[in-house]
Amino acid sequence: MSALAEEFGTPLFVYDADILEDTYGRLRDVLPAGVDVFYSLKANPNISVCAVLNSLGTGAEVSSYAELVTALRAGVAPQDIIFLGPGKDERELTACVEAGIHAIVCESLDELDLLDSLLASAGRDEFPVLLRVNPAFGSKGSGLAMGGKPRQFGIDEAELRASKHRLADLRHIRVKGVHAYMGTRFLNHEDVVHNTRQILATAQDLAGRLGFPLETVDFGGGLGVAYFDNEKDLDLAALGRGLAEVLGSFSARNPNCRTIMELGRFLTAQAGTYVVRARYVKDSMGESFVVADGGTNHHMAAVGVGSFVKRNFPIRHLENRTATEPRPYTVTGPLCTPNDVVAKKVRLPEVRPGDLLAVERSGAYGPTASPGLFLSHGFPAEVMVRGGRAHLVRERDSTEDLLAKQHLVDFGTASG
């Protein structure tokens, strides 16, 4: 890491392609053979990350025009792409149709009407869609529930059940299946298996009730990663056994149905490290602070958004100073806000100005979920390492990059 910091500067995100491959491989080994894994680009939209995962066998789940273009340029075949999101515009829907992706995941009845009219205007006979259902049942064990409650995502199950005639009126849309996503950061395999069983049963019921063939079911995923003390990573072997039982009976009834598990955080988090350099080390009212050159402007997830109590991501001191007694430091970035705390009272060997610190398990929801323009620092460089060789996969923002799209308006000298 020290050599990478010297070559590419800090702050810096480092992605390890070998860990990406290992993570995917361990998951693929336990999943039923018929389940396709789709990578959710929202976790990390770097085109090289997407390309590596696609080379291993993943499809792509995208939620914006830029993510769609990224997936296609990364080499993902259109038939292995789905597009979801509650607020798609006409440009995005049209781009999906033109690319010929596997399906658009429609999240409201009005969206279905809009897509139907766009297809009619384009002279298209039909285009495949999945219905995103917000199930009547709630999820268990999720760090962030996204279904089973009032949500902007999907169509309430009760509303879908009453929509047979409205769906029948669509002339250019072919409903081919169901999508449901119950939440994220599941760390108990039993919760994932339970949710999958419920989603598959709901999909089977809706297909029969509404009269469409069940050709695809995306049952979400949301597998978690243990970031904090007292958390344990998922038992993948137990997860595989549970899903095999549930999906085995479902597939026996629906032998021609494609099943999709979509994952973002699980595939990328462990492969990423956020590297910062200490600028100042100071004491304030009995507490020691490390002020680093990067913080929550690049790694907002480290704030602990959605948690009542601030908990620290795993963090390492990269200098060889193990002989010193660890002591508590609060590690912050350079921002003018007290919320810019990367790690609170984390025990580290002595930290000196110029030292490097590494925030581990940082491959998901780093730049993609952070206020990179705050104080106009811009986004950091991103580097991918494979087989010991480093590749720059995103250049650091420069001041000129940040100002290039702004326009200075000359209002002239104010009159007296």
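In which strand is the place of Thr273? In this predicted model, Thr273 belongs to strand 13, which covers residues 272-284. With a relative accessible area of 10%, Thr273 counts as buried, because that value falls under the 20% cut-off. Leaving aside residues up to four places away in sequence, Thr273 touches Met1, Leu12, Phe13 and Val14, and also Ala358, Val359 and Ser362.

A search of the whole structure finds five aromatic pairs. A further ring takes part in an arrangement with a charged side chain: Arg91 lies over the face of Tyr65, at 3.7 Å from the ring centre.

Helix 6 can be considered next. Running through residues 109-121, helix 6 has 13 residues and reaches 19 Å from its first C-alpha to its last, which is close to the 18 Å expected at 1.5 Å a residue. The buried residues of helix 6 are Leu109, Glu111, Leu112, Leu115, Asp116 and Leu119. When helix 6 is seen down its axis, these buried residues fall within an arc of 155 degrees, and they therefore line one face of the helix. Asp110 and Ser121, which are exposed, are carried by the face of helix 6 that is turned away from its buried side. After helix 6 comes Gly123, a residue whose phi is positive, near 75 degrees.

Technical notes:
Residues are numbered from 1 along each chain as its sequence is written. This is a predicted model: local features need pLDDT of at least 70, side-chain atom pairs count only at pLDDT 80 or more; totals for chains, interfaces and linings use all residues. Side-chain values use heavy atoms; hydrogens and water are left out. Helices (H or I, at least four residues) and strands (E, at least two) are DSSP runs, numbered from the N terminus. The expected span of a helix is 1.5 Å times one less than its number of residues. Buried means under 20% relative accessible area, exposed over 50%, partly exposed in between (1.4 Å probe, protein chains only). The arc is that of the directions from the helix axis to the C-beta atoms. Rings of Phe, Tyr and Trp (its six-membered ring) pair if their centres lie within 6.5 Å; planes under 30 degrees apart count as stacked, over 60 as edge-to-face and the rest as tilted. A charge sits over a ring if NZ of Lys or CZ of Arg is within 6 Å of the ring centre and within 35 degrees of the ring normal. Contact means heavy atoms within 4.5 Å.
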